[in-house]
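These are notes for a colleague who is opening this structure for the first time. Please read them with the model on screen.

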Amino acid sequence: MRVCELKLSHFRNYRELRLQFGEGINIFYGRNAQGKTNILEAISLLATTRSLRASRESELILQDEEMAHVTAEIDREREGDAELTVSVFQGDKKTVRVNGMKRERVVDLLGQFNAVFFGSIDLVIVTGEPADRRHYLNIEISQISPRYVYDLGHYKRVLAQRNRLLRELRDRPRPPQEMGLDVWNEQLIKYGSTLFDKRRFYLDRLSLLAEEIHAELTDGRERLEVKYLPSITLPVKPTETKTAETVELSTNLSTVSTMANNNTSSVAEVNPNTVRESREDAYLHSVAQEASQGEKEPAPQTQNSPAMPVNTLESIESAFRRQLHGVGTEEARRGTTLLGPQRDDIAFFINGTDARLYGSQGQQRTVALALKLAEFRLIEEHVGEPPVMLLDDVMSDLDDHRRKHLLSWVRRRCQTFITCTNLRSFPKDLLAEASIFQVTAGTVTSDVRKRPLPTRNSESLPEQSVGQPVEPSGESSVGELAGEAPAIAERHDLAPVSLPAVSGKATDKPG
Amino acid sequence: MFHYAKPLAHLVAELERLPGIGPKSAQRMAFHILRQPQDEAKQLAEAILTVKESIRLCSVCSNFTDQEKCEICRDTKRDPALLCVVAETRDLIAMEKTNEFKGMYHVLQGLISPMDNIGPELLKIRELFPRVVDGVKEVILALNPTTEGQTTSLFLASRLKPLGVKVSQIASGLPAGGDLDYADQATLISALQWRREM
């Protein structure tokens, strides 16, 4: 998968911009705050429909303008070329187009194009709040499962409605049943359970890959463990021993069948394979009962078949139902929902120690990198071709070993976009085959001086300054050559001619 | 700075309160009314007043009517064993336009939505039960496939089923005559969910 051409209109600090990219590594260099990351953000917007950094999406629009457009020509191995457009309007409205056709919903863009972003903001996946980790999960799963976005949208709505109802009932007590609390419970359970299920499924696979990649990044010195911390105690999976594909298949089927049954689960089908699970369920049930002692309210109406769930989703639903019932009194007292995916978290352990709390910044950064590379592999596996990699200013943050590892990892594997303040950290042969762009205050110039490497920018290649004189010495050498036959006046004339080159250099230097 | 004369400003402000009408449209409408012949403007004003005075809810189905019972409830050719539940009168009109459904209706006058302070007690749900007990064989829930519509459907289904009546829900999925590849993902997901055996 690759981006052939990108057009920005009134996006961030770009009025109009049109860029064509190389198939391999594309490097954007320039001082800070010139608009390098904005290019990566535009590409990421096409993959996720979300801004990387803006809290309000109208921040993406150039000042005093009404709307911003991002359009890209995408080349896909499996699905062919496509032109994708995201338009952002004042008031945070968005529309998306695929090959010029406007799509009904913004989420319909998901799955058209995939990109993995890695930058310093990703450190919050490890060091931030649980909300940051949930946000990360939501964005990543949405790239491979449009269904997840659909369920998440419904869940958020149900949660807001249920919270409002619980608050109402706390402030003005009425019989909860009359106000329909039982129905909101069922809706919460239905959508919440699919989120639990998808998150567990995704994290199961992600953690395997991340742990493996992390071992490579640390030369096997550190062992990473990624652990999903769901807000409820999830039942043990009956499909534990099956392959990933089977799990996915059965999950999908169960989703469909549960929906079709509309929560009227059938007691008839008791699967002998679920005996182990029913024990787990019995345990959960007793826990829930202990928690709800003294509570008169009967179990919700669909409780008539709690005995033997026959598949993953149903067993999650019944576990969620019991545990939700268990906290019923406390929820009524506090007037808010206490269980559900909105309270999930993820833990990262390095050699058994919680990296969220005790990891060094280097370790935390390596965990974030391992997660991102694992995510890349998951998408690649799911889509059948590698996504685009976006690396924002990571060259300076990583140590030598990890930087080399990362560059060799992306090289020839996928189209990669890298922002940096200078070209110092790149090996010579990589620069030779990369497409290089210089970004200065919203202007992007394609750096065509490749092979031989750019010599004018002193900062770009300090190790290579051998080859070329750059500083005033450059002029003097010219001067000296000219000086063979020369008048002082001529030498003096040379100076103003070379001056622009010198001042040009100055702007390239990192700020 | 110049302002509209008071009566005109007042009209603009009133029109602006209507749903879907912004300041520009309100101005345009106000000027249109101003230029209308006197009797046309009067007709509009009277129509507004008359609708407020004469329209009430049907005593049976809670549809809007200008009589004790609405036209549909008075129609003896309709099948009283089939009852279609809709949220609004405009949904009833949409169903009627199909010319396919020959049963009776019940209009809830809204959907359950705690965020809008609408609980079940504010909807015409209490009025539904005596009707269902009185000879209805099937209740068809025709509510929007939104979170609130789904929740209201679940609420009604769980309360109606114990009465021994058949409760069904209209299908949700692809539009008739639509192209599969132009359908949005939510619609396709729904169509897949509600698929039926052939």
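Is Gln34(A) buried or exposed? With a relative accessible area of 10%, Gln34(A) is buried; the term stands for under 20%, exposed for over 50%, and partly exposed for what lies in between (1.4 Å probe, protein chains only).

1. Basis. This is a predicted model, in which local features need pLDDT of at least 70 and side-chain atom pairs count only at pLDDT 80 or more, while totals for chains, interfaces and linings use all residues. Residues are numbered from 1 along each chain as its sequence is written, chains are lettered from A and ligands numbered from 1 in the order in which they are written, and side-chain values use heavy atoms, with hydrogens and water left out.

2. Surroundings of Gln34(A). Gln34(A) sits in the loop between strand E3 (25-29) and helix H1 (36-48) of chain A; helices (H or I, at least four residues) and strands (E, at least two) are DSSP runs, numbered from the N terminus. Leaving aside residues up to four places away in sequence, Gln34(A) touches Asn13(A), Tyr14(A), Val439(A), Thr440(A), Ala441(A) and Gly442(A), where contact means heavy atoms within 4.5 Å. Its side chain also reaches the backbone oxygen of Asn32(A) at 3.1 Å.

3. Chain A as a whole. Chain A has 15 helices and 15 strands. Of its 511 residues, 53% count as buried. Among contacts in chain A with a separation of 6 or more, 71% are between residues 24 or more positions apart.

4. Salt bridges within the chains. The count over all chains is 38 salt bridges, each being a side-chain nitrogen of Lys or Arg within 4 Å of a carboxyl oxygen of Asp or Glu. Side chains of opposite charge can pair when their charged atoms come close. One of the bridges joins Arg133(A) and Asp345(A) (2.5 Å, N to O). This pair links distant parts of the chain, with Arg133(A) in helix H3 (residues 130-144) and Asp345(A) in strand E10 (residues 345-350) of chain A, 212 residues apart. Arg133(A) is buried at a relative accessible area of 3%, and Asp345(A) is buried at 13%. In chain B, Lys166(B) and Glu138(B) meet in a salt bridge (3.8 Å, N to O). Here Lys166(B) counts as exposed, at 53% relative accessibility, whereas Glu138(B) counts as buried, at 18%. A network of salt bridges links Asp122(A), Glu140(A), Lys372(A) and Glu375(A).

5. Interface. How many residues of chain A are in contact with chain B? There are 32, and they meet 29 residues of chain B. The two chains bury about 2700 Å² between them, 56% of it on carbon and sulfur atoms; buried area is the accessible area (1.4 Å probe) that two parts lose on being put together, summed over both. Three salt bridges are counted between chain A and chain B. Arg157(A) forms a salt bridge with Glu148(B), with the closest N and O atoms 2.6 Å apart. Helix H4 (146-171), helix H5 (181-217) and helix H6 (244-261) of chain A each supply at least two residues of the side that touches chain B. The largest share of that side, eleven residues, comes from H4(A).

6. A loop residue of chain B. Pro19(B) lies in the loop between helix H1 (6-16) and helix H2 (23-35) of chain B. Pro19(B) is exposed, with a relative accessible area of 77%.

Notes:
Polar contact = N/O pair within 3.5 Å; in protein donor to acceptor, adjacent residues only side chain to side chain.
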